[in-house]
Amino acid sequence: MRIFASLSLAVLALALVPATQTPAQAQAVAQTPPMGWNSWNFFAEKVTDKDIRAAADNLVATGMKDAGYIYINIDDTWEGQRDASGILHTNAKFPDMKALADYVHSKGLKIGIYSGPGPKTCGGFEGSLGHEAQDAQLYASWGIDYLKYDMCSFIPEVMEKQAPNDKAAQMHIMYDAYAKMDKALKATGRPIVFSLCQYGWDASWEWAPQVGGNLWRTTGDISPDWDRIYSIVSQQAGLEKYAGPGHWNDPDMLEVGNGKLTLAENRTHFSLWAILAAPLLAGNDLPNMKPEIKAILTSRDVIAINQDSLGKQGSRVYSEGETEVWTRPLAGGALAIAVVNVGDNRYSTHPFHLSLAKLGLHGPQAGKDLWTGKPITLTDNQPLELASHDVLLVRIDAPK
Ligand code: GLA
(Lines give C-alpha, C1' and ligand atoms only; values in the text may rest on other atoms or scores of the structure.)
Protein backbone atom coordinates (compact mmCIF):
# COMPACT_ATOMS: atom_id res chain seq x y z
CA MET A 1 0.00 0.00 0.00
CA ARG A 2 3.00 2.26 0.17
CA ILE A 3 3.99 1.62 -3.42
CA PHE A 4 2.17 4.69 -4.70
CA ALA A 5 4.18 6.88 -2.38
CA SER A 6 7.41 5.96 -4.08
CA LEU A 7 6.37 6.92 -7.58
CA SER A 8 8.28 9.88 -8.92
CA LEU A 9 6.87 13.38 -9.07
CA ALA A 10 5.63 14.82 -12.34
CA VAL A 11 6.36 18.52 -12.63
CA LEU A 12 3.83 20.67 -14.39
CA ALA A 13 3.16 24.36 -14.91
CA LEU A 14 1.20 26.14 -12.18
CA ALA A 15 -0.99 27.59 -14.88
CA LEU A 16 -2.81 24.27 -14.98
CA VAL A 17 -4.17 24.65 -11.45
CA PRO A 18 -7.91 25.10 -11.11
CA ALA A 19 -8.44 28.25 -9.05
CA THR A 20 -11.42 27.07 -7.02
CA GLN A 21 -10.24 28.56 -3.75
CA THR A 22 -7.65 30.92 -2.41
CA PRO A 23 -5.65 30.11 0.73
CA ALA A 24 -7.40 32.97 2.50
CA GLN A 25 -10.77 31.22 2.20
CA ALA A 26 -9.37 28.12 3.86
CA GLN A 27 -8.33 30.00 6.99
CA ALA A 28 -11.31 29.25 9.18
CA VAL A 29 -9.60 26.05 10.35
CA ALA A 30 -5.96 25.17 10.96
CA GLN A 31 -4.83 28.68 11.82
CA THR A 32 -1.86 26.95 13.43
CA PRO A 33 -0.61 23.50 12.37
CA PRO A 34 -3.16 20.85 13.44
CA MET A 35 -2.23 18.92 16.60
CA GLY A 36 -3.58 15.54 17.57
CA TRP A 37 -3.06 11.81 17.19
CA ASN A 38 -3.56 9.50 14.20
CA SER A 39 -4.03 5.74 14.35
CA TRP A 40 -1.87 4.70 11.39
CA ASN A 41 1.74 4.81 12.58
CA PHE A 42 1.13 2.50 15.53
CA PHE A 43 -2.00 0.47 14.75
CA ALA A 44 -2.07 0.51 10.94
CA GLU A 45 -4.92 -1.73 9.71
CA LYS A 46 -5.58 -3.23 13.16
CA VAL A 47 -7.18 -0.12 14.67
CA THR A 48 -10.60 -0.55 16.30
CA ASP A 49 -13.25 1.60 17.96
CA LYS A 50 -11.79 0.54 21.31
CA ASP A 51 -8.31 1.79 20.36
CA ILE A 52 -9.74 5.16 19.30
CA ARG A 53 -11.61 5.54 22.60
CA ALA A 54 -8.45 4.57 24.51
CA ALA A 55 -6.47 7.12 22.50
CA ALA A 56 -9.01 9.82 23.36
CA ASP A 57 -8.95 8.85 27.06
CA ASN A 58 -5.16 8.92 27.08
CA LEU A 59 -4.82 12.18 25.19
CA VAL A 60 -6.67 13.68 28.14
CA ALA A 61 -5.06 11.60 30.93
CA THR A 62 -1.48 12.21 29.76
CA GLY A 63 -1.90 15.98 29.57
CA MET A 64 -1.46 15.95 25.80
CA LYS A 65 -4.87 17.55 25.31
CA ASP A 66 -3.87 20.38 27.64
CA ALA A 67 -0.65 20.74 25.65
CA GLY A 68 -2.72 21.32 22.49
CA TYR A 69 -3.36 17.90 20.92
CA ILE A 70 -7.01 18.09 19.90
CA TYR A 71 -7.66 15.82 16.90
CA ILE A 72 -8.14 12.07 17.21
CA ASN A 73 -7.82 10.87 13.63
CA ILE A 74 -8.96 7.47 12.42
CA ASP A 75 -6.82 6.46 9.45
CA ASP A 76 -7.56 3.78 6.86
CA THR A 77 -9.47 0.51 7.50
CA TRP A 78 -12.69 1.74 9.16
CA GLU A 79 -14.73 1.44 5.95
CA GLY A 80 -17.38 -1.22 5.26
CA GLN A 81 -19.67 -1.57 2.23
CA ARG A 82 -22.08 0.79 0.49
CA ASP A 83 -25.79 -0.05 0.63
CA ALA A 84 -28.22 0.13 -2.31
CA SER A 85 -28.48 3.91 -1.92
CA GLY A 86 -24.72 4.27 -1.99
CA ILE A 87 -24.44 5.11 1.68
CA LEU A 88 -21.16 3.88 3.11
CA HIS A 89 -21.28 1.82 6.28
CA THR A 90 -18.49 1.14 8.73
CA ASN A 91 -16.98 -2.33 9.10
CA ALA A 92 -17.23 -4.55 12.18
CA LYS A 93 -14.23 -2.85 13.87
CA PHE A 94 -16.25 0.38 14.09
CA PRO A 95 -19.82 -0.57 15.09
CA ASP A 96 -21.18 2.97 15.49
CA MET A 97 -19.21 5.92 14.13
CA LYS A 98 -21.67 8.54 15.39
CA ALA A 99 -21.42 7.14 18.93
CA LEU A 100 -17.63 7.11 18.64
CA ALA A 101 -17.55 10.72 17.43
CA ASP A 102 -19.85 11.71 20.30
CA TYR A 103 -17.52 9.98 22.74
CA VAL A 104 -14.44 11.78 21.36
CA HIS A 105 -16.32 15.11 21.43
CA SER A 106 -17.43 14.47 25.02
CA LYS A 107 -13.73 14.61 25.98
CA GLY A 108 -13.40 18.08 24.48
CA LEU A 109 -11.56 16.65 21.48
CA LYS A 110 -12.23 16.62 17.74
CA ILE A 111 -12.37 13.62 15.45
CA GLY A 112 -10.90 12.95 12.02
CA ILE A 113 -11.49 10.30 9.39
CA TYR A 114 -9.85 8.99 6.22
CA SER A 115 -10.85 8.33 2.62
CA GLY A 116 -9.56 8.86 -0.88
CA PRO A 117 -10.68 10.00 -4.34
CA GLY A 118 -10.24 6.54 -5.88
CA PRO A 119 -12.50 3.48 -5.87
CA LYS A 120 -10.35 1.99 -3.08
CA THR A 121 -8.21 3.38 -0.28
CA CYS A 122 -4.54 2.49 0.11
CA GLY A 123 -5.58 -0.42 2.32
CA GLY A 124 -8.03 -1.69 -0.32
CA PHE A 125 -11.16 -0.43 1.47
CA GLU A 126 -14.03 1.53 -0.07
CA GLY A 127 -12.98 4.94 -1.46
CA SER A 128 -15.14 7.98 -2.25
CA LEU A 129 -15.08 7.90 -6.09
CA GLY A 130 -18.51 8.92 -7.36
CA HIS A 131 -19.81 9.38 -3.81
CA GLU A 132 -17.95 12.53 -2.75
CA ALA A 133 -20.98 14.64 -1.77
CA GLN A 134 -22.69 11.69 -0.13
CA ASP A 135 -19.58 10.82 1.91
CA ALA A 136 -18.98 14.43 2.95
CA GLN A 137 -22.59 14.63 4.19
CA LEU A 138 -22.14 11.34 6.03
CA TYR A 139 -18.98 12.61 7.76
CA ALA A 140 -20.76 15.83 8.74
CA SER A 141 -23.74 13.85 10.08
CA TRP A 142 -21.34 11.90 12.30
CA GLY A 143 -19.67 15.12 13.46
CA ILE A 144 -16.34 14.62 11.72
CA ASP A 145 -13.90 17.54 12.01
CA TYR A 146 -10.97 16.47 9.81
CA LEU A 147 -10.58 14.46 6.58
CA LYS A 148 -7.35 12.92 5.29
CA TYR A 149 -7.88 12.21 1.58
CA ASP A 150 -5.39 9.75 0.15
CA MET A 151 -4.76 9.17 -3.60
CA CYS A 152 -3.68 5.53 -3.89
CA SER A 153 -6.01 3.68 -6.30
CA PHE A 154 -7.02 6.95 -7.93
CA ILE A 155 -3.68 6.84 -9.78
CA PRO A 156 -4.05 3.51 -11.65
CA GLU A 157 -7.84 3.36 -11.66
CA VAL A 158 -8.69 6.89 -12.74
CA MET A 159 -5.71 9.06 -13.72
CA GLU A 160 -3.89 6.44 -15.76
CA LYS A 161 -7.05 4.96 -17.26
CA GLN A 162 -8.63 8.27 -18.23
CA ALA A 163 -5.46 9.83 -19.61
CA PRO A 164 -2.97 7.10 -20.50
CA ASN A 165 0.57 8.43 -21.03
CA ASP A 166 -0.54 12.03 -20.59
CA LYS A 167 0.98 13.29 -17.34
CA ALA A 168 -0.37 16.81 -17.76
CA ALA A 169 -3.94 15.58 -18.18
CA GLN A 170 -3.47 13.18 -15.26
CA MET A 171 -2.46 16.04 -12.98
CA HIS A 172 -5.57 17.98 -14.01
CA ILE A 173 -7.68 15.00 -13.07
CA MET A 174 -5.93 14.90 -9.69
CA TYR A 175 -6.50 18.62 -8.98
CA ASP A 176 -10.18 18.23 -9.90
CA ALA A 177 -10.62 15.25 -7.60
CA TYR A 178 -9.31 17.20 -4.60
CA ALA A 179 -11.29 20.31 -5.54
CA LYS A 180 -14.42 18.15 -5.78
CA MET A 181 -14.09 16.81 -2.25
CA ASP A 182 -13.24 20.30 -0.96
CA LYS A 183 -16.48 21.59 -2.47
CA ALA A 184 -18.41 18.68 -0.97
CA LEU A 185 -16.93 19.34 2.48
CA LYS A 186 -17.68 23.07 2.26
CA ALA A 187 -21.27 22.29 1.18
CA THR A 188 -21.87 20.50 4.49
CA GLY A 189 -21.43 23.81 6.31
CA ARG A 190 -19.32 22.05 8.93
CA PRO A 191 -15.74 23.26 9.43
CA ILE A 192 -13.66 20.24 8.39
CA VAL A 193 -9.87 20.34 8.09
CA PHE A 194 -8.93 19.05 4.63
CA SER A 195 -5.68 17.08 4.57
CA LEU A 196 -4.28 16.14 1.15
CA CYS A 197 -2.35 12.90 1.08
CA GLN A 198 -0.76 12.48 -2.32
CA TYR A 199 2.90 12.26 -1.35
CA GLY A 200 3.93 15.63 -2.80
CA TRP A 201 3.09 14.75 -6.41
CA ASP A 202 3.43 17.60 -8.86
CA ALA A 203 4.81 19.94 -6.17
CA SER A 204 1.67 19.75 -4.02
CA TRP A 205 2.68 22.92 -2.16
CA GLU A 206 2.15 24.96 -5.33
CA TRP A 207 -1.45 23.93 -6.01
CA ALA A 208 -2.88 22.31 -2.86
CA PRO A 209 -4.05 25.58 -1.26
CA GLN A 210 -6.05 26.39 -4.40
CA VAL A 211 -8.02 23.15 -4.10
CA GLY A 212 -8.83 23.80 -0.46
CA GLY A 213 -5.97 21.96 1.23
CA ASN A 214 -5.32 23.02 4.81
CA LEU A 215 -2.30 20.75 4.73
CA TRP A 216 -0.68 18.62 2.07
CA ARG A 217 1.85 15.85 2.26
CA THR A 218 5.18 16.83 0.73
CA THR A 219 6.75 13.35 0.56
CA GLY A 220 6.09 9.62 0.65
CA ASP A 221 5.42 7.86 3.95
CA ILE A 222 7.47 8.36 7.08
CA SER A 223 8.81 5.38 9.03
CA PRO A 224 10.28 5.25 12.52
CA ASP A 225 13.94 5.36 11.56
CA TRP A 226 16.40 8.22 11.42
CA ASP A 227 17.39 7.81 7.77
CA ARG A 228 13.79 8.14 6.61
CA ILE A 229 13.08 11.05 8.93
CA TYR A 230 16.22 12.87 7.84
CA SER A 231 15.46 12.21 4.17
CA ILE A 232 12.03 13.82 4.69
CA VAL A 233 13.58 16.79 6.54
CA SER A 234 15.99 17.36 3.66
CA GLN A 235 13.06 17.58 1.26
CA GLN A 236 11.45 20.39 3.30
CA ALA A 237 14.24 22.92 2.79
CA GLY A 238 12.94 25.62 0.45
CA LEU A 239 9.24 24.90 1.00
CA GLU A 240 8.88 27.51 3.75
CA LYS A 241 7.29 30.15 1.55
CA TYR A 242 4.27 27.94 0.83
CA ALA A 243 3.12 27.57 4.46
CA GLY A 244 1.03 29.95 6.54
CA PRO A 245 -2.10 30.13 8.69
CA GLY A 246 -4.73 27.79 7.24
CA HIS A 247 -2.35 26.06 4.81
CA TRP A 248 0.64 23.96 5.87
CA ASN A 249 3.29 21.71 4.40
CA ASP A 250 2.90 18.22 5.87
CA PRO A 251 6.10 16.17 6.18
CA ASP A 252 3.90 13.35 7.57
CA MET A 253 2.79 12.26 11.02
CA LEU A 254 5.08 11.95 14.02
CA GLU A 255 6.98 8.77 14.79
CA VAL A 256 8.05 10.04 18.23
CA GLY A 257 7.99 7.00 20.55
CA ASN A 258 7.87 4.47 17.70
CA GLY A 259 10.35 1.92 16.38
CA LYS A 260 13.93 2.07 17.56
CA LEU A 261 14.39 5.84 17.52
CA THR A 262 16.82 6.93 20.23
CA LEU A 263 15.88 9.64 22.68
CA ALA A 264 18.07 12.10 20.75
CA GLU A 265 16.38 11.14 17.48
CA ASN A 266 12.90 11.54 18.99
CA ARG A 267 13.89 14.96 20.33
CA THR A 268 15.39 16.07 17.02
CA HIS A 269 12.38 14.78 15.04
CA PHE A 270 10.03 16.77 17.29
CA SER A 271 12.26 19.87 17.25
CA LEU A 272 12.39 19.89 13.46
CA TRP A 273 8.62 19.42 13.12
CA ALA A 274 8.35 22.50 15.35
CA ILE A 275 10.77 24.50 13.20
CA LEU A 276 8.94 23.30 10.05
CA ALA A 277 5.50 24.43 11.32
CA ALA A 278 4.45 20.86 10.59
CA PRO A 279 1.23 19.26 11.81
CA LEU A 280 1.92 17.55 15.14
CA LEU A 281 -0.02 14.31 14.81
CA ALA A 282 1.41 11.86 17.30
CA GLY A 283 1.28 8.26 16.13
CA ASN A 284 2.44 6.31 19.14
CA ASP A 285 0.89 3.84 21.60
CA LEU A 286 -0.63 6.35 24.03
CA PRO A 287 -1.75 3.93 26.77
CA ASN A 288 1.84 2.61 27.03
CA MET A 289 3.76 5.84 26.46
CA LYS A 290 7.08 6.05 28.33
CA PRO A 291 7.60 9.13 30.54
CA GLU A 292 10.52 10.38 28.44
CA ILE A 293 8.38 10.22 25.29
CA LYS A 294 5.54 12.03 27.02
CA ALA A 295 8.04 14.69 28.10
CA ILE A 296 9.04 15.25 24.48
CA LEU A 297 5.50 15.30 23.09
CA THR A 298 4.24 17.65 25.80
CA SER A 299 7.20 20.04 25.86
CA ARG A 300 5.37 23.39 26.07
CA ASP A 301 8.32 25.45 24.87
CA VAL A 302 8.80 23.35 21.75
CA ILE A 303 5.06 23.21 21.02
CA ALA A 304 5.00 27.01 21.33
CA ILE A 305 7.54 27.18 18.48
CA ASN A 306 5.35 24.90 16.35
CA GLN A 307 2.16 26.81 17.15
CA ASP A 308 3.66 30.29 16.90
CA SER A 309 1.02 32.77 15.80
CA LEU A 310 3.15 34.32 13.07
CA GLY A 311 2.73 31.03 11.19
CA LYS A 312 6.05 31.26 9.36
CA GLN A 313 7.76 27.97 8.58
CA GLY A 314 11.48 27.84 9.40
CA SER A 315 14.27 27.24 6.94
CA ARG A 316 17.70 25.68 6.73
CA VAL A 317 20.09 28.61 6.92
CA TYR A 318 23.32 26.71 6.45
CA SER A 319 25.03 23.40 6.87
CA GLU A 320 28.64 22.63 7.55
CA GLY A 321 30.07 19.14 7.56
CA GLU A 322 27.37 17.02 9.12
CA THR A 323 25.73 19.82 11.08
CA GLU A 324 22.70 21.78 9.94
CA VAL A 325 21.42 25.07 11.31
CA TRP A 326 17.72 25.83 10.95
CA THR A 327 15.92 28.93 12.18
CA ARG A 328 12.29 29.96 12.46
CA PRO A 329 11.09 33.55 12.86
CA LEU A 330 8.51 33.89 15.63
CA ALA A 331 5.91 36.43 16.64
CA GLY A 332 7.20 39.55 18.37
CA GLY A 333 10.57 39.39 16.61
CA ALA A 334 11.69 36.24 18.47
CA LEU A 335 13.74 33.51 16.80
CA ALA A 336 14.10 29.74 17.19
CA ILE A 337 17.44 28.17 16.28
CA ALA A 338 17.97 24.43 15.84
CA VAL A 339 21.50 23.09 15.46
CA VAL A 340 21.39 19.43 14.42
CA ASN A 341 24.14 16.84 14.17
CA VAL A 342 22.78 14.82 11.26
CA GLY A 343 25.88 12.58 11.14
CA ASP A 344 25.97 9.00 12.36
CA ASN A 345 29.20 9.50 14.27
CA ARG A 346 28.78 11.14 17.65
CA TYR A 347 32.04 13.04 17.13
CA SER A 348 31.19 14.37 13.71
CA THR A 349 30.55 17.82 15.16
CA HIS A 350 33.64 17.85 17.32
CA PRO A 351 33.44 20.77 18.01
CA PHE A 352 30.95 22.64 15.84
CA HIS A 353 31.45 26.41 15.73
CA LEU A 354 28.07 28.09 15.39
CA SER A 355 28.29 31.20 13.26
CA LEU A 356 25.83 33.80 14.54
CA ALA A 357 26.89 36.10 11.72
CA LYS A 358 25.52 33.59 9.19
CA LEU A 359 22.18 33.85 11.02
CA GLY A 360 22.25 37.64 10.74
CA LEU A 361 22.89 38.04 14.49
CA HIS A 362 25.43 40.34 16.09
CA GLY A 363 27.13 39.69 19.42
CA PRO A 364 26.08 37.40 22.28
CA GLN A 365 22.45 36.27 22.21
CA ALA A 366 20.63 35.49 25.42
CA GLY A 367 18.00 32.77 25.07
CA LYS A 368 16.58 29.56 26.48
CA ASP A 369 17.74 26.04 25.72
CA LEU A 370 14.33 24.46 25.15
CA TRP A 371 15.37 20.90 26.00
CA THR A 372 17.19 21.67 29.28
CA GLY A 373 14.86 24.54 30.13
CA LYS A 374 17.89 26.59 31.17
CA PRO A 375 19.08 30.02 30.07
CA ILE A 376 21.83 29.94 27.44
CA THR A 377 23.92 32.65 25.83
CA LEU A 378 25.14 31.97 22.32
CA THR A 379 28.31 33.69 21.20
CA ASP A 380 29.73 33.89 17.71
CA ASN A 381 31.78 30.86 16.70
CA GLN A 382 31.17 29.27 20.05
CA PRO A 383 32.23 25.60 20.06
CA LEU A 384 29.29 23.19 20.49
CA GLU A 385 29.33 19.46 21.12
CA LEU A 386 26.33 17.56 19.83
CA ALA A 387 25.89 13.82 19.94
CA SER A 388 24.92 11.99 16.77
CA HIS A 389 21.38 12.89 15.63
CA ASP A 390 20.96 15.26 18.58
CA VAL A 391 19.81 18.85 18.55
CA LEU A 392 20.37 22.13 20.36
CA LEU A 393 17.10 24.03 20.23
CA VAL A 394 17.21 27.62 21.44
CA ARG A 395 14.61 30.35 21.63
CA ILE A 396 15.83 33.93 21.55
CA ASP A 397 13.16 36.42 22.48
CA ALA A 398 15.12 39.54 21.54
CA PRO A 399 17.65 38.68 18.83
CA LYS A 400 20.16 41.37 17.99
C1 GLA B 1 -0.83 5.75 2.68
C2 GLA B 1 -0.66 7.03 3.51
C3 GLA B 1 -0.44 6.65 4.97
C4 GLA B 1 -1.63 5.84 5.47
C5 GLA B 1 -1.86 4.62 4.58
C6 GLA B 1 -3.16 3.93 4.92
O7 GLA B 1 0.33 4.97 2.64
O8 GLA B 1 0.40 7.80 3.01
O9 GLA B 1 -0.26 7.82 5.76
O10 GLA B 1 -2.77 6.66 5.48
O11 GLA B 1 -1.91 4.98 3.21
O12 GLA B 1 -3.45 2.83 4.08
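A polar contact here is a pair of N or O atoms within 3.5 Å; within protein, one must be able to donate a hydrogen and the other to accept it, and residues adjacent in sequence count only if both atoms are side-chain atoms. This is a predicted model, so local features need pLDDT of at least 70 and side-chain atom pairs pLDDT 80 or more, while totals for chains, interfaces and linings use all residues. Residues are numbered from 1 along each chain as its sequence is written, and side-chain values use heavy atoms, leaving out hydrogens and water.

With that in hand, look at R217, where a side-chain N or O atom sits 3.1 Å from an oxygen atom of the ligand. For D75 the corresponding distance to a ligand oxygen is 2.6 Å, and for D76 a polar side-chain atom is 3.0 Å away from one. The protein buries 99% of the 310 Å² that the ligand exposes when taken alone (Shrake-Rupley method, 1.4 Å probe). Around the ligand are 14 residues (a heavy atom within 4 Å), with D75, D76, K148, D150 and D221 the closest.

Now for the cavities, sets of points on a 1 Å grid over the protein atoms alone where a 1.4 Å probe fits but cannot get out. The whole structure holds 3 of them of 30 Å³ or more, a volume being the space filled by probe spheres set on the points, joined across faces, edges and corners.

Note on methods
1 Å grid on protein atoms, 1.4 Å probe; cavity = no way out; pocket = protein on both sides within 12 Å on 5 of 7 lines; lining within 4 Å.
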